[in-house]
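This report describes a protein fold and a selection of its side-chain pairings. Please consult the sequence and the structure shown below while reading.

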Amino acid sequence: GGTMLGDVVGLGKTLTAIAVASMLQNEENMRVLVLCPKNLEQMWDKHLSEYDVVGKVVRYSMAAAELPDLARYQLVICDESHNLRNENTQVWRAIKEYVSRNESLDEDADLGIIPEKGLEKYSKKFDKLEGNLSTLRAFEISEEPEDWRTLMSDHLVRRTRAYTKRQAPTEMWTSP
């Protein structure tokens, strides 16, 4: 139920996210919740307004206070999500609870793929799953990078500057 957009600085991640939010608003009547660091709050407010996207911006530092009582937003954008790497923080737990409560993240949903390398290497670790091996919970058990690459290949959009230069018209990269 999610996608990650991972580009280097300056390739348009914000505008891509706004475009997706606008499309989903127009086609599916979805509202967007943007979670971001404090220094990006004004930028996101401006973009939502400028592109007529119905949504709300909550800075990470306010997540634990605001998310427990917040209504359901169907699209959640976590900007600068590397700030959420630590599962032991109040912010991480608040966001995880919000997403879970709003049925956006089901760790036991069938993903259609299994963590094959982890199963080969340490199958006993997966016993507690009782056969539910094609779930996010199963991938969380695997420590094998190949399993995570397989999972993320369906849920990650990532471009490098070199790729973008090869794909874009030459005049885009020349100085005026």
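Glu 50 is partly exposed, at a relative accessible area of 46%; this class lies between buried (under 20% relative accessible area) and exposed (over 50%), as judged with a 1.4 Å probe on protein chains only. The model is a predicted one, in which local features require pLDDT of at least 70 and side-chain atom pairs count only at pLDDT 80 or more, while totals for chains, interfaces and linings use all residues. Residues are numbered from 1 along each chain as its sequence is written, and side-chain values rest on heavy atoms, with hydrogens and water left out.

**Salt bridges**

Glu 50 forms a salt bridge with Lys 46, at 4.0 Å from N to O. The term denotes a side-chain nitrogen of Lys or Arg within 4 Å of a carboxyl oxygen of Asp or Glu. Side chains of opposite charge can pair when their charged atoms come close. Lys 46 and Glu 50 stand 4 residues apart in helix α2 (residues 41-50), a separation of about one helical turn. Lys 46 is exposed, with 53% relative accessibility.

By the rule stated above, the count is 6 salt bridges; the table presents some of them.

| Pair | N to O distance |
|---|---|
| Lys 46 and Glu 50 | 4.0 Å |
| Glu 66 and Lys 56 | 3.6 Å |
| Glu 146 and Arg 149 | 3.2 Å |

Glu 66 and Lys 56 meet in a salt bridge. Glu 66 belongs to helix α3 (residues 63-66) and Lys 56 to strand β3 (residues 55-59), so this pair ties together parts that are 10 residues apart in sequence. Glu 66 is partly exposed at 27% relative accessible area, and Lys 56 is partly exposed at 27%.

Glu 146 is partly exposed, at 36% relative accessibility, whereas Arg 149 is exposed, at 52%.

**Aromatic rings and charges**

How many aromatic pairs does the protein contain? The count comes to 2, where rings of Phe, Tyr and Trp (its six-membered ring) pair if their centres lie within 6.5 Å, with planes under 30 degrees apart counted as stacked, over 60 as edge-to-face and the rest as tilted. Tyr 122 and Phe 126 are stacked, with 6.3 Å between centres and 5 degrees between planes. Tyr 122 is buried at 16% relative accessible area, and Phe 126 is buried at 3%. The rings of Phe 139 and Trp 148 have centres 6.2 Å apart and planes at 75 degrees, so they form an edge-to-face pair. Phe 139 is buried, at 0% relative accessibility, while Trp 148 is partly exposed, at 30%.

Charged groups also lie over rings, a term that requires NZ of Lys or CZ of Arg within 6 Å of the ring centre and within 35 degrees of the ring normal. Lys 125 lies over the face of Tyr 122, at 4.7 Å from the ring centre. Arg 31 lies over the face of Tyr 73, at 4.1 Å from the ring centre.

**The overall fold**

The protein has 8 helices and 5 strands, taken as DSSP runs numbered from the N terminus (H or I, at least four residues, for helices; E, at least two, for strands). Along the sequence, the pattern is β-α-β-α-β-α-β-α-α-α-α-β-α. Of the 176 residues in the protein, 31% are buried.
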